Amino acid sequence: MSVYAYYPGCSGLGTSIEYDISTRAVCQALGLALADVPDWSCCGATPAHTVDHLLSSALAARNLAQAEDLDVQALITPCPSCLTNLKTAMHRMSDRDFRGKVNKLLDRPVRRDLPVKSVLQVLVEDVGPEELASRLPGKPLAGLKLAPYYGCIMNRPPELMRFDDHEHPTAMDRLMQTLGAEVVPFPLKVECCGASFGVARKDITARLSAKLLETAQDLGAHAMVTACPLCHMNLDLRQGQAASVAGRQFRIPVFYYTQLIAVALRLPQDAIGLSKLCVSPNSAFKAMRKALRP
Amino acid sequence: MEVVDIHASCDAEFIAEVEAESSQRIAECYQCGNCTAGCPFTFAYDIPVSQIMRLLQAGQKRRLLTCKSIWLCATCESCTTRCPNNIDVARIMDVLRHLARREGYAAERNVKVFWDAFLDSVEKHGRSFELGILAAYIAKTGRFWPDLGLGPKILPKGKLGFKPHPIQGKKQVAEIFRRFREISRS
């Protein structure tokens with residue numbers, strides 16, 4: 001069994017708890033052992049890098065140092081924002097001078113160069129669609145039409161993220177197709193949803209998220225599927241705000257991709273967290289069943 | 001079209017500072033406009049990102065540090081990814097807000113207040129505490145009503161903790177902030 005250092009990220013304890021729960025359950029079901037980074041702290045998220053790059057790298061790097069106690073090949077995280085911060089810190093610390101400055105801010109210096117990856121990357125590359133298919137009871141999500149939304153930073157910039165295509169990623173598409181779902185040709189896979197401006201400038205977030213929801217609805221998707229807690233919050237919790245801006249009704253369930261894998265693997269309800277979604281997922285499952293009726 | 005007398009107002013020191021802090025060469029921008037074409041925030045910006053690059057080449061410090069755009073960039077990396085000259089434009093936007101902070105400018109005050117509230121929370125608890133951040137933001141901006149409608153949607157889901165999740169090493173995290181402030185002053 002492969003063991004990975006796991007960094008849940010702060011939102012995994014709160015607004016994206018269903019992402020954390022389903023990620024852990026899916027990894028366990030697929031034979032990936034997760035060891036939580038001991039006493040992990042916040043990566044600094046967006047706010048830290050808007051203040052200073054040394055501060056943001058140090059906040060992320062404390063976690064890289066904490067992970068050095070674990071006997072693992074890589075550190076993985078479900079959240080693209082944590083991923084970017086951890087990867088950026090590791091990348092910038094390849095400069096010895098910068099590494100020295102970061103280490104001076106830390107109680108415990110970073111000594112190793114631990115690879116940092118997304119959970120999505122590990123599920124696609126280390127498990128793979130074929131292995132996933134072998135564990136499924138057929139094609140459990142046949143009939144479900146999904147708009148796959150990756151968010152802006154899962155794959156960008158490509159020199160840093162080194163995973164999948166930066167304009168037209170397909171990792172999540174392939175996993176969803178393996179479950180039997182139909183993936184609509186969603187053209188806004190990497191367009192920004194408005195990110196962390198939901199509180200201070202919700203007008204901006206609502207407008208950008210509305211564009212994504214409109215496109216998904218117009219393509220006939222039963223639901224959207226995403227890999228980012230912030231995107232999820234903007235599309236699910238703030239769907240009503242987007243609707244006000246767009247001047248039309250949305251009723252589009254938004255899943256984390258790990259929830260749908262958990263559904264397909266028939267994992268217990270409390271390992272999926274569907275009840276945590278603000279927009280009820282029932283319409284999507286109803287449409288899926290209807291599509292299958294002769 | 002706007003005319004800028006660069007003989008009178010070009011701040012070469014400012015250009016050098018941005019270049020040093022971002023590790024980018026400003027002169028490499030040839031104004032193709034690809035960054036602005038792909039930027040999802042152009043509709044909300046007071047200066048489009050390609051014009052920010054041009055004003056930077058012309059050393060227009062005050063104009064740039066007082067603009068709204070630098071606070072509204074979400075670092076979505078479209079510009080950086082699509083720049084034909086491999087300029088890390090998003091990193092330059094980040095550096096411009098670093099400099100704006102140091103000079104005491106924040107044209108989008110509420111954005112800054114939110115980010116500051118977030119970091120205060122991390123400094124205090126070691127991790128971010130979502131409800132605490134929101135409370136601090138409301139206290140500082142007086143803005144309460146805009147998101148009131150979300151309460152009934154999210155509270156019944158039991159996702160928002162009413163207490164922070166402090167960590168054992170929260171002092172180590174606070175120390176990162178303290179040491180950072182210390183070296184920033186010197």
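A: Helices (H or I, at least four residues) and strands (E, at least two) are DSSP runs, numbered from the N terminus. By that count chain A has 14 helices and eight strands. The model is predicted, so local features need pLDDT of at least 70 and side-chain atom pairs count only at pLDDT 80 or more, while totals for chains, interfaces and linings use all residues. Residues are numbered from 1 along each chain as its sequence is written, and chains are lettered from A and ligands numbered from 1 in the order in which they are written.

Where the chains meet, 47 residues of chain B are in contact with 46 residues of chain A, contact meaning that C-beta atoms, placed from the backbone, lie within 7 Å. Among the elements of chain B that each supply at least two residues to this side are helix 8 (89–103), helix 10 (130–141) and helix 12 (170–185), but helix 9 of chain B gives the most, with seven residues.

The largest nonpolar core has 145 residues, and Leu86(A), Met224(A), Val225(A), Tyr257(A), Leu260(A) and Val89(B) touch the most other members. Such a core is a set of buried Ala, Val, Leu, Ile, Met, Phe, Trp, Tyr and Cys residues joined through C-beta atoms within 7 Å, and a residue is buried if 20 or more other C-beta atoms lie within 10 Å of its own, exposed if 12 or fewer, and partly exposed in between. Helix 9 (residues 109–125) of chain B gives the most to this core, with eight residues. In chain A, buried residues make up 58% of the 294 residues.

Conventions: Two residues are in contact if their C-beta atoms, placed from the backbone, lie within 7 Å.
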